[in-house]
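This report goes through a protein model part by part, from the overall fold to single residues. Please keep the sequence and the structure in view while reading.

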Amino acid sequence: MDATKITLDESELPKAWYNVQADLPEPMPPPLHPGTREPVGPEDLAPLFPMALIQQEVSQERWIEIPDEVRSVLALWRPSPLYRARRLEKALGTPARIYYKWEGVSPTGSHKPNTAVAQAYYNQQEGISRIATETGAGQWGTALSFACGLFGLECQVYMVRISFDQKPYRKAIMELYGGKVQPSPSEATEAGRQILAADPDSPGSLGIAISEAVEDAASREDTHYALGSVLNHVLLHQTVIGLEAEAQLQKAGEALPDVVVGCFGGGSNFAGFAFPFMRHRFDHDKDDLRVIACEPASCPTLTKGEYRYDFGDTAGMTPLMPMHTLGHNFVPAPVHSGGLRYHGAAPLVSHVLQGGHMQARAYQQLECFEAGVQFARTEGIAAAPEATHVIKGAIDEALRCKETGDEEVIAFNLCGHGHFDMAAYAAYFAGDLEGHEFTGKMLDENMKALEGLPTMAG
Ligand SMILES: Cc1ncc(COP(=O)(O)O)c(C=O)c1O
């Protein structure tokens with residue numbers, strides 16, 4: 001019988017993270033200080049992050065060793081399995097061979113603990129006792145609550161209000177791991193109070209929740225800030241996914257994949273899976289590797305956003321980052337994939353997109369849920385709404401192969417389960433899911449807030 005589930009031994013858990021910064025064909029523009037507009041230095045970031053993470057943020061080393069303490073926690077669920085989607089292939093009638101990496105086997109159900117564990121570890125090493133963060137879908141807040149618990153740290157989570165209301169059990173599971181949860185915008189911070197004064201019914205956004213968490217961390221000596229995506233070190237920690245998948249594909253007798261697909265919110269699961277494969281593009285081992293990011297049509301950062309400097313948060317407290325952005329004031333429509341509702345993008349992903357090394361696509365939530373249902377009924381997994389975007393992208397690629405007859409290898413990262421998202425599936429079955437279009441008018445409106453900010457040309 002040909003293998004369906006390709007596994008690695010615990011001893012094959014990667015010993016080093018892959019740092020794409022070492023291989024970039026063109027140099028990255030630097031992040032800028034929000035006040036001086038000069039490139040940020042380590043001293044600017046020190047109040048918020050431990051030095052080890054600040055060093056990883058700028059490191060040009062190709063491989064960065066994973067500390068044993070981090071590897072031993074990751075071993076609770078890693079290496080995660082790679083599946084051959086035989087039943088999906090059959091249902092689609094495609095000649096393509098589809099593989100998916102399954103990150104939903106982590107204790108908290110998504111890829112997020114891969115970096116949460118590393119971030120909690122480095123903070124504890126530096127004597128920090130409390131971490132503040134934001135969460136959209138709740139997956140990141142849950143992962144960080146879990147990781148902080150293991151390293152004896154307190155965890156304060158600001159959860160986007162709309163997701164807080166859509167997913168009541170997320171609060172309970174974060175509390176189960178010892179986290180404290182505050183719906184955002186909240187009265188607890190100046191940033192939250194200002195938003196509420198302007199709009200008492202604000203559904204919140206990741207940009208607003210980040211402002212609240214940064215303000216919380218900046219105002220307390222014992223507290224650091226942690227981000228679940230976007231930053232270079234977060235993407236770095238996620239590369240265990242792609243490195244394992246590469247070894248697993250080899251074990252399955254495949255060469256490098258022809259197409260690599262990931263869903264895109266801030267960029268961490270996408271980059272964690274895709275960057276290790278992209279190093280073969282940069283090395284010219286596989287020049288024709290196609291890499292595709294799938295994002296929601298209601299928050300089309302990569303496909304419709306402008307590539308320029310913008311703040312990572314709504315209140316303008318973070319450094320200005322070179323990225324695709326819909327504008328830091330943008331509050332995306334309340335679609336169910338809360339983890340993909342972010343106005344900006346990881347600068348590293350924006351940079352490789354700008355360099356023509358990958359492509360991006362936007363999908364409506366209805367077509368993503370349709371793909372999610374087909375996946376559950378063939379492969380058996382109830383995917384998170386975020387992950388249904390990558391399923392849709394992979395299915396489209398497989399159907400393209402059906403038309404052309406090409407026997408390509410399609411590999412995608414199934415980044416999380418949807419066990420806390422049944423209200424979203426119920427809305428889908430009840431016919432209550434709405435489509436949301438992002439218009440050029442909305443972009444023009446949002447971009448007004450960026451007037452006067454430095455542009456990429458200087
Ligand atoms: C399951 C899942 N997938 C994807 C994302 C998007 O984040 P990123 O683009 O950083 O992977 C999230 C964010 O919360 C998530 O929970």
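Two strands are taken to pair if DSSP finds at least two bridges between them. In this predicted model, pairing of that kind gives an open sheet of four strands in the order 8-7-6-9, with parallel pairing.

## The four-stranded sheet

In the sheet with the order 8-7-6-9, strand 8 (180-184) and strand 9 (223-225) stand at the edges with a single partner strand each, so that one side of each has no neighbour in the sheet. From one strand to the next, the twist averages 25°.

Strand 6 (residues 130-135) runs parallel to strand 9 and is joined to it by three bridges; within this pair, Ile131 has His224 of strand 9 as its bridge partner. Strand 6 also pairs with strand 7, again in the parallel sense, over six bridges, and here Arg130 has Glu154 of strand 7 as its bridge partner. Strand 7 (residues 154-160) is mostly covered, since six of its seven residues are buried.

## Overall fold

The secondary structure of the whole protein comes to 19 helices and 15 strands. Its radius of gyration is 20 Å, close to the 23 Å that the globule rule gives for 458 residues, so the protein is as compact as a globular protein of that length. Taken along the principal axes, the box filled by the C-alpha atoms is roughly 60 × 50 × 50 Å.

Buried residues make up 57% of the 458 residues. Among contacts between residues at least 6 apart in sequence, 77% join residues that are at least 24 apart.

## Around the ligand

There are 21 residues around the ligand, of which Gln139, Ser229, Gly265, Gly339 and Gly416 come nearest. The elements that give two or more residues to this shell are helix 6 (139-150), helix 13 (268-282) and helix 17 (385-404), and helix 13 gives the most, with three residues. By class, the shell divides into nine nonpolar residues, 11 polar and one charged.

## A helix pair and a buried proline

Two packed helices are described by the angle between their axes and the distance between the axes. For helix 9 (residues 190-198) and helix 10 (residues 206-218), the axes come within 7 Å and cross at roughly 145°. Helix 9 makes the contact through Glu190, Ala191, Gly192 and Ile195, and helix 10 through Ile208, Ser211, Glu212 and Glu215; these residues divide into three nonpolar, two polar and three charged.

Pro276 lies in helix 13 and, because it has 24 C-beta neighbours inside 10 Å, counts as buried. Leaving aside residues up to four places away in sequence, Pro276 touches Tyr18, Thr239, Gly242, Leu243 and Glu246. Pro276 and Tyr18 are 258 residues apart along the chain, yet their C-alpha atoms are separated by 6.5 Å.

## Backbone exceptions in loops

Most residues other than glycine have a negative phi, and most peptide bonds are trans. The peptide bond from Arg78 to Pro79 is cis, however, with omega near -10°, and Pro79 is found in the loop between helix 3 (68-74) and strand 4 (82-84). A cis peptide bond also joins Ser184 and Pro185, with omega about 10°; Pro185 is in the loop between strand 8 and helix 9.

Which positive phi value does Arg37 have? Phi of Arg37 is near 65°, and this residue is found in the loop between strand 2 (16-18) and helix 1 (42-45), where it counts as exposed because it has 12 C-beta neighbours inside 10 Å. His284, which is not a glycine either, has a positive phi of about 65°. His284 is found in the loop between helix 13 and strand 11, and with 7 C-beta neighbours inside 10 Å it counts as exposed.

Note on methods
Residues are numbered from 1 along each chain as its sequence is written. This is a predicted model: local features need pLDDT of at least 70, side-chain atom pairs count only at pLDDT 80 or more; totals for chains, interfaces and linings use all residues. The radius of gyration is taken over C-alpha atoms; the globule rule is 2.2 Å times the number of residues to the power 0.38. A residue is buried if 20 or more other C-beta atoms lie within 10 Å of its own, exposed if 12 or fewer, and partly exposed in between; C-beta atoms are placed from the backbone. Two residues are in contact if their C-beta atoms, placed from the backbone, lie within 7 Å. A residue is near a molecule or strand if its C-beta atom, placed from the backbone, lies within 6 Å of it. Ala, Val, Leu, Ile, Met, Phe, Trp, Tyr, Cys and Pro count as nonpolar, Asp, Glu, Lys and Arg as charged, and the others, Gly among them, as polar. Axes are lines fitted to C-alpha atoms, for helices over the stretch in contact, and angles run from 0 to 180 degrees between N-to-C directions.
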